[in-house]
Amino acid sequence: MKKIILLLGILATGTASALATAASGLAIASDGVALADGITTPKVALAADGITERQAATPKATQPVRQPAVPKTGALPAAPKLTGGGKTATTSTSKSAPDATTTTTATTTATATTAANADKASGAITDASAPAPDVKPAKKPQPISIKFDVRADWEYHHSGDTSKDESGFAGKFLNFILDGNITDKFSYHFRYRFNKLNSAQDFFEATDWAYLDYDINRNWRVSAGKQVLYIGGYEYDKAPIDVYFYSDFCNFLPACYEFGISGQYTTNDGRNTILLQIANSPFTSKSIRFEGLYAYNLMWYGRYGVFNSMWSVNLIEYKPGRYINYISLGNQFNAGPVTIELDYMNRYGGGKNFFNDFSIICNINYNIKNRVNIFAKGGFDYNDAQNPATLDLQPGQQPEDLFWDLAVVPGRRYGFYGAGVEFFPIKNSQNVRLHAYWCSSTANTKAHNVGIGFRWRLNAFERE
């Protein structure tokens, strides 16, 4: 009997030990599954230690998860992205939609929440009913151009008497040029000559132009500010930095740039432009800027390839209530490498002598492969419309008080002629130019002017 009781005690003790060992093994195995699967939340003691954002955001398994609505197309468009050019790239990302059935298991819950958090992190839209973000395309910067234009020459002046000859190096021009757009409709234009001094009466004396354009549409444009006075002729139209010797009219016209307003119309084919301008008269006094003298200019630009034109009709007030009329016809003929520019200007201020005050200018240019220009230029200024000796002068008046042509004065007969060559050392560019020229005139046929120089243009900044 004692042996039986002893045997039962041994069996009970072994069973208890085995059960305890089994329970301990099951607990270890449960922890091992949680660590390996990575879905179940670890013990609270580890929550502050290296837990990931995804794990911390996982809801309890018993909490239903709201599934994203499935769009009819089965894909959700991504928010539009902006390309470098400022245009909207309408790209869309294809994304698999989760099943709409709600589950309460830990695995399904964690997977759905992971997808939701991934959507949140990436910024993607997770609800088809949510409004699309209001993303506006970035505005493209407006074009702007900043340039410097410089010319310097060595000049030799021979007057016929070698003892009075003059020569030396001289800076001729230093221009600052600014052009750009404010909007697609508004553009601005500015040119300043550093080699020209301002005066106390006119702070804009050294500013050739400073005006604003407004493009109403593809045909119509209006402008306001300091502008070129629109007078026909190719010699008159050229920038001073590109002219080596002038006619009398261009030499002695008091001003080529004045404040005013203008409007122009260009035909659909771009071949014709009609321009109307009202501006201050070039004969406005430099000391009295508000004399009320005006210039009324009507201009036609024609562009026909073989033939181009710059024609104008001008009514210019030189004294209060007194006007001079210009009819200026600038003609350009192109035949291969040869370009001929022929200008005729008629000036009239009254009386019977309509054709007795005029200028004729001709320039012939031969171009060699856009690298070399060889030119010859000549012209004649003539004014016999008034005779200074027969003018009806009042006490205290001078003859010039009754002149109506103040550029080519009565009695003037002036012929000029010359030739030159230009060389552009940079292929397909006119940013650097070397030039040489010679000229003389009928005022003194023994006098000669010779010049050798260069011009260079610096494109300081340009944005298209």
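Residues are numbered from 1 along each chain as its sequence is written. In this predicted model local features need pLDDT of at least 70, side-chain atom pairs count only at pLDDT 80 or more, totals for chains, interfaces and linings use all residues, and side-chain values use heavy atoms, without hydrogens and water.

**Exercise 1.** Determine whether Lys377 is buried or exposed, and list its polar contacts.

Solution. 
1. Lys377 belongs to strand β15, residues 372-383 (strands are DSSP runs of E, at least two residues, numbered from the N terminus).
2. Its relative accessibility is 12%, so Lys377 counts as buried (under 20% relative accessible area; exposed is over 50%, partly exposed in between; 1.4 Å probe, protein chains only).
3. The Lys377 side chain makes a polar contact with the side chain of Glu235 at 3.0 Å (N or O atoms within 3.5 Å, one able to donate a hydrogen and the other to accept it; residues adjacent in sequence count only if both atoms are side-chain atoms).

**Exercise 2.** Classify Cys256 and Cys439 by accessibility.

Solution. 
1. Cys256, at 23% relative accessibility, is partly exposed.
2. Cys439 has a relative accessible area of 9% and is buried.

Technical notes. Helix = DSSP H or I, 4+ residues; strand = E, 2+ residues; numbered from the N terminus.
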